[in-house]
Amino acid sequence: MDYDFLHKLPQQGRGEFLTGGKFEGSTASGAERAYRRAVEKLTVLLVETGTLHAVRFKRKSVKRAKKKIAAAVYEYQADCDGKWGEIQLDFISNTAEIVRLAEWDTMSSHVFAKHAIRKIWTLSESRLPANALIVLEL
C-alpha cells in the first residue's frame, strides 16, 4: 500500500486538519463525530491517490406506508468525484433500480451502484443512513 498521501498532510496541526479544527471532544457524541469526519477525510485522500475506491451516497427521499419505509431514493457518487447518479429501492417488493448512472460508474458491471444497493439492503429500516461513504472491496 502506498502511503504518499501522508506527506500531503500539514506537519503541525494534523489533528486540526483531520477534524476540520472543530474537535468537540467534551462529549462522547462530539468525539464520535470528529472521529467519523477524520476517517472520511482520510478515505477521500486514499481515493484521490488511487489506493482505494469508494462510493458516497445520500438519501434524496423516503416514502412511508403505515409508518414503515416503503421506498427510498438515493443519489450516489463514484470515487467521491463527478456527477451524482440515482438509485431507487422498493422495500415492499424488494427491488432496486439504477435510474441514472454516476459519472465515473461507466463500467458495464455498474459496480459502484450495485455496491451502494447491497450496503443499503444490509441495513435495517431503522438504520437507513441519510448519507454515508463506504469503501469498495474489489
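## Aromatic pairs and a helix

W121 counts as partly exposed, at 30% relative accessibility (buried is under 20% relative accessible area, exposed over 50%, partly exposed in between; 1.4 Å probe, protein chains only). This is a predicted model, where local features need pLDDT of at least 70, side-chain atom pairs count only at pLDDT 80 or more, and totals for chains, interfaces and linings use all residues. Residues are numbered from 1 along each chain as its sequence is written, and side-chain values use heavy atoms, leaving out hydrogens and water.

**Exercise 1.** Find the aromatic pairs of the structure and say which parts each one ties together.

*Solution.*
1. Start with the count: there are two aromatic pairs (Phe, Tyr or six-membered Trp rings with centres within 6.5 Å; planes under 30 degrees apart are stacked, over 60 edge-to-face, the rest tilted).
2. F57 and Y74 pair edge-to-face, 5.6 Å centre to centre with 80 degrees between the planes.
3. F57 belongs to strand β1 (54-65) and Y74 to strand β2 (68-78), so this pair links parts 17 residues apart in sequence (helices are DSSP runs of H or I, at least four residues; strands of E, at least two; numbered from the N terminus).
4. Check burial: F57 is buried at 0%, and Y74 is buried at 0% too.
5. Now take F91 and W121, edge-to-face at 5.1 Å and 80 degrees.
6. F91 sits in the loop between β3 (85-90) and β4 (95-100) and W121 in helix α3 (111-122), so parts 30 residues apart are tied together.

**Exercise 2.** Which residues of α3 are buried, and what covers them?

*Solution.*
1. V111, F112, A113, H115, A116, I117 and I120 are buried in α3.
2. Their cover includes β1, β2, β3, β4 and β5 (131-135) (contact means heavy atoms within 4.5 Å).
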